[in-house]
Structure formats: C-alpha cells, structure tokens
Amino acid sequence: MVGVGGSIPLAPTISAFSSARACWHSELVPEARIPATQSVSQAQLGAATLAMLYLAAVTAVGPLVAQPSGALGPLDDGRVTYFIAPPDDAQSRPGDVELATWALEAWQRAANGRLSFEPAASEGEALVRVYWAAAAGGQYGEMRALAVDGRRGAAVFIRPDTSALGDDIARRAGLDALFRDTIVYLTCLHELGHALGLVHTDDFADVMYFFGFGGDIPEFFDRYRRELRNRNDIRAVSGLSAADHAQLRALYRHPTGLVADPN
C-alpha cells in the first residue's frame, strides 16, 4: 500500500465525531494512493469504500479516536527532518507555512533539547511531512503514521478553510485574521503533537484536547487569540499546557526518541 510520498501508512484507524461538526483528525482509507502534491480530497477513492467508511463513522457508538502509535523514530540524536508543502488551492495562504514552522518550533522548545527539527533535503526523506488539504466534513486536520526507511514517521494534513468549520468559526475568522491564523496554528500544533506520538486528552486546557468531548470550541481558539497583539506573537506563545509538555517528556526522555527501559 503506497501512501504519501511513497511511504507506508501504519496502523490506520477512523475517527467519528459527534458534536458541532468539529473534529481534530481522522485517518482515512490507507489503500488510497495519495500523491504528495495532492490534498486528501483529490485522492482517487472508490465510492463503495467511501460509503463504507461514512457508514462506520456515523453508526459508531461513541467516538472512535485515532491514536498515534508511539514516538517517532528511532531518531539520530533527537533529529527530526521535516517537509512543509507550499500553499495550494485548498484555502491555504503563503503565511501558513510559517505557522506550521512555528508549531514545530513550539514542540522543539517543549522538548528541551531532546528533539531538533531540521528541513529535509527532499520531501521523500522527511520523517514528518505537512500538507494542506481541502475542507472535509468539518475536520480541522488529520495525521497518518508512515514508515520511512524503517522508522516511524508521520504525514500531517491541515485543512485551513475556516469557512467550512461552522457558522460561528467562519464568521469570526472572516472578521479577524489573527483568529483565523490561531485556528491554523493550533491545528498544526495538535496534529504535529499526534505526529510526535501524543494522544488525545479530555482536558480542555490541553492543545491535545479531543473535540469529541464537547465544550465551547470557539472559546478553545479564542482564549489563545486573546494572548496575541500581532501575528508575530504566535511564535512566542506556544499554546501548550503543562500536560502537553508532560506527554512529550514521557515519550522523549532521551535524544534517541526512545523511552528508556525502566529496568
């Protein structure tokens, strides 16, 4: 099964979300061949397969949460190579690449020397890859685990079209560019958290909070927006909670990206 950039998707699952059409991520159709230059919505998916996945999602009893499969790697001295796709026609903007980069920087600072993100020489060599995808069913983004040269990597898809995220979100994002950038930045932060191996939480204070638990989703973004005076503040205000930091530390206790044997 060929996935993004020729890598092999690992442990695919499906997420179903029950509230406010708001969902952080789901992993879709591992059998689909998705060229690196295409968004998820452009993949050639069979109608029968899509119908089956939709039925599974809407009839599920409670949310089926797609969870990552452990830390990235193994890593060489905590080094993580990455690729961020240029903006395309999926409502992404030139500045969105900067937002994704700032999200990587936030996780690097949180790792406190255990991780170092570096641009890959090519897309195919990147352990972590960020793509921009078209709107789909109220999703904000998704993450897919990848096997990259025998290592656990990840492809992250961000859906920056805020007009498809419900009337309240769309209205606020249309009136306030910083609110729109807040959504894209926090989505990058959340999905890159999954790429690193972090799982969903039920604490509204965490960037890894799962929207399926409900709550005031516009306020989730608005509380971060209130910390900003201008766009450059996003680079300084991480948006990560103490629990987000703790999850990361538990996964990356050593620069290798492997959790040490307690024995």
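Me: What share of the 263 residues of the chain counts as buried?

Reply: This is a predicted model. In it, 50% of the 263 residues count as buried.

Me: How many helices and strands does the chain have?

Reply: There are 7 helices and 6 strands. Read from the N terminus, their order is β-α-β-α-β-β-β-β-α-α-α-α-α.

Me: What share of the contacts joins residues at least 24 apart?

Reply: Take the contacts between residues at least 6 apart in sequence. Of these, 73% join residues at least 24 apart.

Me: How do I read the packing of two helices?

Reply: Two packed helices are described by the angle between their axes and the distance between the axes. Start with α2, residues 96-111, and α4. Their axes come within 9 Å and cross at roughly 45°. An angle of that kind makes α2 oblique to α4. The crossing of α2 past α4 is right-handed.

Me: Which residues make that contact?

Reply: From α2, they include Leu99, Trp102, Ala103 and Trp107. From α4, they include Val184, Tyr185, Cys188 and Leu192. By class, the contact of α2 with α4 has 13 nonpolar, 1 polar and 3 charged residues.

Me: At what angle do α4 and α5 cross?

Reply: The axes of α4 and α5 cross at roughly 110° and come within 9 Å. That makes α4 roughly perpendicular to α5. In α4, Leu178, Phe179, Thr182, Ile183, Tyr185 and Leu186 take part. They meet Pro218, Phe220, Phe221, Asp222, Tyr224 and Arg225 in α5. By class, the contact of α4 with α5 has 9 nonpolar, 1 polar and 2 charged residues.

Me: How do I read the sides of a helix?

Reply: An α-helix has 3.6 residues a turn, so residues three or four places apart point the same way. Now look at α7, residues 242-251. Its residues Asp244, Gln247, Leu248 and Leu251 are buried. These four cover an arc of only 95° around the axis, which puts them on the same side of α7.

Me: What covers the buried residues of α7?

Reply: The cover includes α2 and α4.

Methods. Residues are numbered from 1 along each chain as its sequence is written. This is a predicted model: local features need pLDDT of at least 70, side-chain atom pairs count only at pLDDT 80 or more; totals for chains, interfaces and linings use all residues. Side-chain values use heavy atoms; hydrogens and water are left out. Axes are lines fitted to C-alpha atoms, for helices over the stretch in contact, and angles run from 0 to 180 degrees between N-to-C directions. Helices (H or I, at least four residues) and strands (E, at least two) are DSSP runs, numbered from the N terminus. Angles under 35 degrees count as roughly parallel, over 145 as roughly antiparallel, 65 to 115 as roughly perpendicular and the rest as oblique. A crossing is left-handed if the near helix is turned anticlockwise from the far one by less than a right angle, and right-handed if clockwise. Contact means heavy atoms within 4.5 Å. Ala, Val, Leu, Ile, Met, Phe, Trp, Tyr, Cys and Pro count as nonpolar, Asp, Glu, Lys and Arg as charged, and the others, Gly among them, as polar. Buried means under 20% relative accessible area, exposed over 50%, partly exposed in between (1.4 Å probe, protein chains only). The arc is that of the directions from the helix axis to the C-beta atoms.
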